[in-house]
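Dear colleague,

I am handing over the structure we talked about, and below it I have set out what was found. Please keep the model open while you read.

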Amino acid sequence: MNGQVNVKIDKKQEKTLKREILNPATNKIIAEVFDSSLQQVEEAVDKAKQAFEQSEWKKNKSLRLGILTKLADLLEKEASVFAETETLNTGKPIKESQLDIEDTINCLRYYANLIEENQPWTKNMFDNTNSKIIQEPIGVCALIVPWNFPLLLGMWKLAPALAAGNTVVFKPSELTPLSFLKLDSLCEKAGIPEGVFNLLTGDGKVGSALVEHKDVAKVSFTGGSETGKRIYQQCAKEMKRVSLELGGKSPLLIFEDSEIDIAVDWTMFGSFFNQGQVCVASSRILVHQSIYKPFLSALTEAVATIKIGNPLTEETEMGPVISKKHLNKIRNFIKLGQEEGANLLTGGTLIDCEGGNYMKPAVLVDVEQHMKVVQEEIFGPVITVQSFSSEEEAIALANGTKFGLAAGILTNDVAKAERVAEYLQAGTIWINGYHTPHIETAWGGFKESGIGRELGPSGLAAFTETKHVNTNSKLARANWYQKK
């Protein structure tokens, strides 16, 4: 690509706000996209409702299987184009974008195959009746995703929603709509029926109109906790189905028997992957006091070696953060931490590189549990490091925030790790690893990190209603409380 991204624009959108999409690596315009109007929100939901009620999409599993499989094949053929689009739009290193596209394709294929496996459950009951459990689609689903993993997180919602037989109105972040604008054309080529997949662009106003629409039966949102709370309140008014994958402040517990170089390696990966703009980033590093000082020394050296620069270059390990606004927010958090009494061990300074939003990863030490840099999600390449003296203290520190999305444990004593894991309040816990989501297993959080689960069979179930049909083989008189 030449730094420009061609997108398909609906002529109806020309009367709405034109939004400039910037490359975070240069802050140059790479595309112009028009926000959807409120009228287009109405039209999209109406099309989705009609498609759900009138098309064979919700009833024909074979149709859905074939189309989702074809969509995966089409995406695979254009994987390199989509990866480059993701990098230009988000600033993430190209190697990470390539992994995202691979995982996106795998997600599509997983849910396509799960359609065949998801058969009605039947069983003979104690009273000689037969019970059947049937999962049915919910209806029109509003899917709203953030800017850090535009295509991948979008597919985590889109694939199971479509596989279950729902129709969809999808809204990507106003900052990163480009990959889904490209996917829209692939959906047409794959043969998705008219009205089954509808794409809206724009900011929170468009999202709010979608959430509040009376004909939207289910909302699935990934993003900040405060926005998630407002969506939850709105959905509660109409008992609308909702699932929320929200913020995180995830701990990585490093016990005394961990090899320091390996612990540093996992810390770097868990904390700074995608510039730390990850909901499950290990932004709180908890280290046993016996190895605390040598760990900090090794970490400081490792942070200095991170290759920061043009994300389209294969050797780049860290690119820019998403926007100047977000960069300023991150730096304000670092300043706040210092004002609260934390010390900046390394990093936090700007990097002059082609006008992009680059910053050296920051490590804050001498932090206390009450500090905002420990308690609040920063969503960038900033970590805090604390020491602990016992399992009990490590668990208390790990659980000591309002979030509970993920956690990691590093130790050669797996029995101890599993014991500690039982007490951690987190939806995903990695032992001697970090950051790998598995499509086959559930993904979500405790406390303010969200409600519901994505991925795995749980991800499909989140887009279905469950119906229990109980049948007596013949018509008989009611059994009024007779003793057996």
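How many aromatic pairs does a search of the whole structure find? The model is a predicted one, and the search of the whole of it gives 12 aromatic pairs. One of them joins W156 and W443 in an edge-to-face arrangement, with 5.4 Å from centre to centre and 70° between the planes. Since W156 belongs to helix 5 while W443 sits in the loop between strand 19 (428-431) and strand 20 (446-447), this pair ties together parts that are 287 residues apart in sequence. W156 has a relative accessible area of 6%, so it is buried, and W443 likewise counts as buried at 6% relative accessibility.

Another pair, formed by W430 and Y434, is tilted, with 4.6 Å from centre to centre and 50° between the planes, and both W430 and Y434 are buried. There is also an aromatic cluster, made up of F149, W266, F269 and F273.

The other topic is how two helices pack. Helix 5 (residues 150-163) packs against helix 6 (residues 178-190) at an angle of about 50°, and their axes lie 8 Å apart. Because angles of 65 to 115 degrees would be needed for roughly perpendicular and angles under 35 for roughly parallel, helix 5 is called oblique to helix 6. The crossing of helix 5 past helix 6 is right-handed. On the helix 5 side, P150, L151, G154, M155 and L158 take part, and they meet S179, F180 and L183 of helix 6. Sorted by class, this contact has 6 nonpolar residues, 2 polar ones and no charged ones.

Best wishes

Note on methods:
Residues are numbered from 1 along each chain as its sequence is written. This is a predicted model: local features need pLDDT of at least 70, side-chain atom pairs count only at pLDDT 80 or more; totals for chains, interfaces and linings use all residues. Side-chain values use heavy atoms; hydrogens and water are left out. Axes are lines fitted to C-alpha atoms, for helices over the stretch in contact, and angles run from 0 to 180 degrees between N-to-C directions. Helices (H or I, at least four residues) and strands (E, at least two) are DSSP runs, numbered from the N terminus. Angles under 35 degrees count as roughly parallel, over 145 as roughly antiparallel, 65 to 115 as roughly perpendicular and the rest as oblique. A crossing is left-handed if the near helix is turned anticlockwise from the far one by less than a right angle, and right-handed if clockwise. Contact means heavy atoms within 4.5 Å. Ala, Val, Leu, Ile, Met, Phe, Trp, Tyr, Cys and Pro count as nonpolar, Asp, Glu, Lys and Arg as charged, and the others, Gly among them, as polar. Rings of Phe, Tyr and Trp (its six-membered ring) pair if their centres lie within 6.5 Å; planes under 30 degrees apart count as stacked, over 60 as edge-to-face and the rest as tilted. Buried means under 20% relative accessible area, exposed over 50%, partly exposed in between (1.4 Å probe, protein chains only).
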